[in-house]
Amino acid sequence: MDNKTIMNQSNIIDELRSELEGLSAVESLGLLAQRFPGKVVFSTALGQEDQVITHMVAKNNIPVNIFTLDTGRLFSETYDLLATTTTKYKLNIKTYFPDAEQVEKYVSEKGVNGFYNSVEDRKQCCFVRKVQPLKRALQGAQVWVTGLRSGQSGNRQHMHTLEWDEGNQVIKYQPILNWSFEEMINYLKENKVPYNSLHDKGFISIGCAPCTRAIMEGEDLRAGRWWWESSKKECGLHENHFQQKETEQKATA
């Protein structure tokens, strides 16, 4: 990427940040939907943060397209919540699945639970089941809304509410990035938002069933994800932020 392109993207982001300054999450979502009609998408993994945003979108009739990724290894409780959510809010949440041939190839080469073998094999599984479907889901989008919170992990503390996602070539917006865990829980309770029943059993961050466990008191919020690893606890969906920083540093050096 050349310096001119980086500067242009930076100017767009700066302008949007200025427009969103002082606005609530709901107001900001509405403004982005107005600025980019039909081009704002929200990816939900049905986590508590995502349920907050789904409620905001549905309650305020914000024209944002919602989608989810079905890896084929989700908890039954997650599917139950998806059904409950679509019914309660009368939403069409589009589901994207991984490519069958890619999944078959992975299982044939690595085994049905090959993600336990190494960090590399686990990330390859995430790539096939999550990253590739996400690429398809984001095609044609200009703004990607996520439910990330900075308090979820150390990696996410360096993110901005609004930023450019280089890998997916979209503007990325995290409306509740700076919310505390308590703020999120209070919102769910006050608005009677449905959430995954596993959260009440110690499952704070919920992903695929074989890769998620309940956490113990005092453990990090992401400790239950890929607990057998000492990695950064990311699946690859949100790593483009760090790749972008490296790209910008190299281009401006």
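Trainee: Before we count anything, what is a cavity here?
Mentor: A cavity is a set of grid points where a 1.4 Å probe fits but cannot get out. The model examined in this way is a predicted one.

Trainee: How many cavities of 30 Å³ or more come out by this rule?
Mentor: The count is two cavities of 30 Å³ or more.

Trainee: What volume does the second largest cavity have?
Mentor: Its volume is about 110 Å³.

Trainee: And which residues line the second largest cavity?
Mentor: The lining includes the cysteines Cys-125, Cys-126, Cys-208 and Cys-211. Also among the lining residues are Arg-73, Arg-122, Arg-129, Lys-130 and Arg-225, together with Phe-115, Pro-210 and Trp-226.

Trainee: How does that lining divide by residue class?
Mentor: It divides into seven nonpolar and five charged residues, with no polar ones.

Trainee: Turning to pockets, how much space lies in the largest pocket?
Mentor: The largest pocket holds about 240 Å³ of space. It is lined by 15 residues, of which Leu-23, Ser-28, Thr-161, Tyr-173 and Pro-175 are the closest to its centre.

Trainee: Which elements give two or more residues to the lining of that pocket?
Mentor: Those elements are α1 (3–20) and α2 (25–35). By class, the lining of the largest pocket has eight nonpolar residues, six polar and one charged.

Trainee: Changing topic, what is the mean pLDDT of the chain?
Mentor: The mean pLDDT is 88, and 85% of the residues reach 70 or more.

Trainee: Where does pLDDT stay under 50?
Mentor: It stays under 50 over residues 241–253. For that stretch the model has 13 contacts beyond four places in sequence.

Note on methods: Residues are numbered from 1 along each chain as its sequence is written. This is a predicted model: local features need pLDDT of at least 70, side-chain atom pairs count only at pLDDT 80 or more; totals for chains, interfaces and linings use all residues. Side-chain values use heavy atoms; hydrogens and water are left out. On a 1 Å grid over the protein atoms alone, a cavity is a set of points where a 1.4 Å probe fits but cannot get out, and a pocket is an open set with protein on both sides within 12 Å along at least five of seven lines; lining residues have an atom within 4 Å of a point. Grid points are joined across faces, edges and corners, and a volume is the space filled by probe spheres set on the points. Ala, Val, Leu, Ile, Met, Phe, Trp, Tyr, Cys and Pro count as nonpolar, Asp, Glu, Lys and Arg as charged, and the others, Gly among them, as polar. Helices (H or I, at least four residues) and strands (E, at least two) are DSSP runs, numbered from the N terminus. pLDDT is the predictor's confidence in each residue, from 0 to 100. Contact means heavy atoms within 4.5 Å.
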